[in-house]
There are 2 protein chains.
Amino acid sequence: MGEPQDTARAQKQPDDCRRRRCCESGDGTRRGVGAGKGSFVEPALLAALATSAGHGYDLARAIEEMTQGEVVPDAGGLYRILRRLEEDGFVISEWQEGESGPQRRLYSITSDGRALLAHWLVHLEERRHALDVLTGVVRSASGPA
Amino acid sequence: MGEPQDTARAQKQPDDCRRRRCCESGDGTRRGVGAGKGSFVEPALLAALATSAGHGYDLARAIEEMTQGEVVPDAGGLYRILRRLEEDGFVISEWQEGESGPQRRLYSITSDGRALLAHWLVHLEERRHALDVLTGVVRSASGPA
DNA sequence: GACGCGTATATGTATAAGACATATAGCTGA
DNA sequence: TCAGCTATATGTCTTATACATATACGCGTC
């Protein structure tokens, strides 16, 4: 693991999200504003990795710090997301040998990963707008004053 | 159906979300920013009902209109949410007799439902803030320029 | 008058994210 | 030794949404 399966996958759908996540129904249909397609831990993870490579455990804390505690990733889910991202060539990892303490795996973002992060930004902003609109609707329906 | 099972349930946990939805882990822990606990269709539905009573089918279109197409509820899910809201006393419904066309069920919001909507507003604003923070983090990690 | 279409309500099922529990293994200090 | 922290990982549950489909009514049309 950690080998550049990156290159093999990179040219599949060059300027797209390549896989499920982040992009929605494929045909551009977007329903809802929150749950469903596209998580929030994943972009946070990519953002943390774009800042600096790290281990899963540290990344969790980095995310919590970067987001001022707004995103507190579940430890179990974090490693699953990292493995999935690696399968898709968005991150690479290598075991760190000859260290004290438990075995650690160092994750780094790939150029594909950076592209995915940029893509995420667009989607997050879209969602932010949707959530804005919904909040406005709820506010005016809730307190007409 | 449509009877005020409202009153029976109302005094359970007066100033709370009373049930699962909307409020998070119960102990105040909130993780993540989007998916998981609390949908987005439900507050939209309550907001639509707070504006005016209506049938499920119409409410779907009202929501789409109110949110400028940002929330397009799934028809199947909509009726499930309405039934769940009714079970919990947040809405009431009655079949409309003697009309042409297919049978219609008129839904109205209860005072508990209005309270829930007000509660939703708080949570949506919290989430909006969380999403704001996350988006900012992703933006600065994505394009440091 | 059979058929398609829009209205209206409803169920079944698949996918995905997240929450929580738990397993493992190594190190550190009491 | 034993508790507790670091670190990675799997199992499982709940929930939200997406999509398919079933039903029934009324209306227009061919």
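A salt bridge here is a side-chain nitrogen of Lys or Arg within 4 Å of a carboxyl oxygen of Asp or Glu. With that in mind, and remembering that this is a predicted model, select A:Asp132 and B:Arg128, whose side chains meet in a salt bridge at 2.6 Å, N to O. This pair crosses between chains, running from helix α5 of chain A to helix α5 of chain B; A:Asp132 is partly exposed at a relative accessible area of 36%, and B:Arg128 is partly exposed at 26%.

Next, select A:Arg128 and B:Asp132, which also form a salt bridge, with the closest N and O atoms 2.6 Å apart. Between chain A and chain B the count is four salt bridges.

Now widen the selection to the whole contact, which takes 37 residues from chain A and 37 residues from chain B, and which buries about 3500 Å², with carbon and sulfur atoms giving 68% of that area. On the side of chain A that touches chain B, the largest share, 19 residues, comes from α5(A), and the residues of that side divide into 21 nonpolar, eight polar and eight charged.

A:Arg84 lies in helix α4 and A:Glu42 in helix α2, so the pair ties together parts that are 42 residues apart in sequence. A:Glu42 counts as buried, at 0% relative accessibility, whereas A:Arg84 is partly exposed, at 25%.

Methods. Residues are numbered from 1 along each chain as its sequence is written. Chains are lettered from A and ligands numbered from 1 in the order in which they are written. This is a predicted model: local features need pLDDT of at least 70, side-chain atom pairs count only at pLDDT 80 or more; totals for chains, interfaces and linings use all residues. Side-chain values use heavy atoms; hydrogens and water are left out. Contact means heavy atoms within 4.5 Å. Buried area is the accessible area (1.4 Å probe) that two parts lose on being put together, summed over both. Helices (H or I, at least four residues) and strands (E, at least two) are DSSP runs, numbered from the N terminus. Ala, Val, Leu, Ile, Met, Phe, Trp, Tyr, Cys and Pro count as nonpolar, Asp, Glu, Lys and Arg as charged, and the others, Gly among them, as polar. Buried means under 20% relative accessible area, exposed over 50%, partly exposed in between (1.4 Å probe, protein chains only).
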